[in-house]
Structures are given as C-alpha cells and as structure tokens.
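The exercises below concern pockets, their linings and the elements that build them. Please work through each task on the model before reading its solution.

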Amino acid sequence: MQFTLTEEQVLVQKTARDFAQAEVLPKAAEIDREHRHPAELVKRMAELGFLGMAIPEQWGGAGMDHVSYALAMEEISRACASTGVIMSVNNSLACDPIHRFGTDAQKQTWLVPLATGKKLGCFALSEPEAGSDSAAQRTTATRDGSEWVISGIKNWITNGPVADVAVLFAMTDRTLGNRGITAFILPMDHKGVRCGPPDDKLGIRGSKSCQIFLDDVRLPADHLLGEPGVGFKVAMSTLDGGRIGIAAQAVGIARAALEDSLGYAQTRKTFGKPIAQHQAIQFKLADMATEIEAARLLTWRAAWLKDQKLPFNKEAAMAKLFASDIANKAAREAIQVFGGNGYVTEYPVERHFRDAKITEIYEGTSEIQRLVIANALAKGL
Ligand code: CAA
C-alpha cells in the first residue's frame, strides 16, 4: 500500500494550490455576489492544462492521471466551488465521454478544442421529468436520411449558457427503455438550439446553468457518439467518473470551511481567550479535519481505481456520498464557529454552506449514490 503522491502529483497539487490561492480565492466572493461566470479564470485553467487533465496529449489534454485531477479539483473548489464545477463538467462530462466513445475524427474535431480549453463543454442528460430517473428521457431523435432530427427540453445544464458543445442524450427508440437512448455531440450554436435564462441558484452562483430547448435540431449522422442505443451506458459510465470530480469538489468546500474556521477561531476571543481554546470549538475542528481526511482518501481511492482501469463505480458513489455529506456538515459547523459573523455575507462561510448543498444533488443525489452502492453490493462487487 502506498499513501504518498508521486512527484508529478505533488507538482500538480502545488500548481493548482498556488493558482487557486493567488488568482481564484480573491475573486470568489465577487463571483458569487455578481452571479458571474469567471471567464478569465476558465482561460487561466486552460493555460494550466486543467480543462482536459486526464485526456492524452495527442487529443489536446494534459495526459495526467485521475488522482491529479482530484487533487486539482480539490484546490480549485477550496477557493471557489463555482470555478470548480465549471472545470469538472468540462473534464468529466464533456471530454471524458468523447475520449472513450468518440471516433478519431470526432476527437480531432470536438475533443481537442475542449481539452485545450478553446471550447467549453456541457452534459445534457437531465430533463424536467427525468432527473434521478434519467432513463425516463422524453427528448427524441428521429433518423431522417443522413440526419437526426432532435426535439425536447434539457434541464439544469451546468455550463449550458456558456458552453460551445454539449454531449446530448435523446431517445432514438422509445420502445426499448434505457436501451433506446443514444448520445450525440451537439454544437450549441446549431440551428434549433436555444438556452433559457440562467437558473437563479442557492449556491455555486458563478456556475451558469439553464434549460436547453431543442426544436427540430438536425444533426448530421457523424454527430452520433457511440452506437445507437448505448447512450444510457455512455451517460452512466461518464457519471461514474464525474462523481470523483464532485467528491473532490466537496472535499475542497469542506476544507474551505475548516481552514476559515481555524483562522477565525484563533483570533476571535470569548471569555478571555481565543475560541480555538474552548473545547466546544476544538471538537468541531477535530471532527471536520478527521472527516475531510476520510473523504479525501475515498476520493483518491476511486480516482486511483479509475487510473488502474479497475471497476470504480461503487467507490466513486461512496466517495461522492460521504464527501458531500461531510462538506455540508463542515459548512454548517463553520457557521456555528463564526456565530453571528457566520450568518452575514461579509464572511465566507455562508457561501460554503450554500455551495456545499449542490454536491448532494448533482451528478446523482445522495439517495441515488446509495442505490448505486446497494446495487453493486447485491452483485457481490
Ligand atoms: N456504467 C455502465 N452501464 C451502466 C451503469 C454504469 N455505471 N449503470 C447502469 N448501467 C447499465 C446497466 O448495466 C443496465 O444495462 P442493461 O440494460 O444492458 O442490463 C442499464 O444501464 C440499466 O441499468 P439500471 O437498471 O440500473 O438503470 P435504472 O434505470 O434503474 O437507473 C440509476 C439506475 C443508478 C438510478 C441511474 O438512473 C442514475 O444514476 N440516476 C442518476 C442520474 C444522475 O446522476 N444525473 C445527474 C445529471 S448530470 C449532472 O448533474 C451534471 C451537472 O449538473 C454537474
């Protein structure tokens, strides 16, 4: 067993930490307050190779492993969870499925610009009536000569308002249930594609999401991603990887809650001494630190399994379930440590509290993670 990071992983972690502390953190409150897409930070992440981290260099990526991806996601999200999820969606939900299921021609056309950060991607699976039950797709794709004609509505599409490309899912045969779902690559400026207004959200307010309306969108056959009918497997296996990114994001948010609490507790005084010297506060800090360590180890293990090309579906679900839970707990406790100051926007912990919540919802709710884990257990995995 090896608990040390490789030299390359340590370098990625340091690069991500330096960038996050120097360039992302100073803007996090403003990005949240203004509901602003941080285009300049996305550009910097592209320069650092953070938008296609685990994609081979041949296809425009940084050629790193998924442990490095988790390390960078934690650092960026510790500074700004909005910036973290923009990065995670591009890496895990746009680049990854095109890399695994795309043809060489599709990789050249779509993956290279996404992995280099020249274009930004999104993942259009959820619908108004298909969130957790993603097999209940209503968007349809019908073959018409050499084209597919696609109509429907997608919901809560992270990066949607700012994306250039979507990995899109639609029903090509309603009679087949999940085996009738097919994946496509959709240029967002294609005729018939329209974004609704950005969602007005509780947290991760710098991360733009929206509905996408598809009105008789005619896609050439070479925009089909993988075989017809395997779209559900494309989506599910993509989300397995995505959950590692969200677990790392949750660890980052939890760490922000802990580090801010520790700093505050060492200076804020009550009853004649810093509150960090009161056992009530010490116990909170100790629990946060312990749970962060456990969540990080689960996340790294899932990432390591993916790197070894071993099954990681259950482990990714466990990492996301646990990390999102402790992120919410840490953010709640951080507000308690800050007291009245924790409840006002002058201090950062109310933002961590609002940002943490989404990690229990997107890329599969905590309830869905439990289903995934239980299904794996039932199969003896
Ligand atoms: N990898 C590959 N194949 C998989 C798979 C996986 N992880 N999970 C299931 N499958 C396959 C199964 O083997 C099965 O194949 P066959 O039909 O050939 O036997 C098929 O898919 C159907 O499997 P299930 O019967 O288990 O499917 P289900 O309909 O019961 O759903 C579920 C399972 C786990 C509940 C799934 O629907 C799910 O994960 N739901 C949550 C969806 C989700 O995470 N949405 C997030 C939206 S994206 C997002 O949030 C992005 C963002 O904003 C940041």
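Domain bounds here come from an automatic or database domain assignment. The model is predicted, with local features needing pLDDT of at least 70 and side-chain atom pairs counting only at pLDDT 80 or more, whereas totals for chains, interfaces and linings use all residues. Residues are numbered from 1 along each chain as its sequence is written, and side-chain values use heavy atoms, without hydrogens or water.

**Exercise 1.** Describe the second largest pocket and explain why it lies between domain 1 and domain 3.

*Solution.* Begin with the term: on a 1 Å grid over the protein atoms alone, a pocket is an open set of points where a 1.4 Å probe fits, with protein on both sides within 12 Å along at least five of seven lines, and lining residues have an atom within 4 Å of a point. The space here is about 500 Å³, a volume being that filled by probe spheres set on points joined across faces, edges and corners. Next, 15 residues line this pocket, with Gln 2, Phe 3, Trp 300, Arg 301 and Trp 304 nearest its centre. Finally, because domain 1 (7–120) and domain 3 (233–378) both give residues to the lining, the pocket lies between them.

**Exercise 2.** Which helix gives the most to the lining of the largest pocket?

*Solution.* Start from the volume of the largest pocket, about 1300 Å³, and from its lining of 47 residues, among which Leu 125, Leu 239, Arg 243, Glu 363 and Gly 364 lie nearest the centre. Then turn to the elements, where helices (H or I, at least four residues) and strands (E, at least two) are DSSP runs numbered from the N terminus. Elements that each supply at least two lining residues include β3 (147–158) and α6 (231–267), and α6 gives the most, with eight residues.
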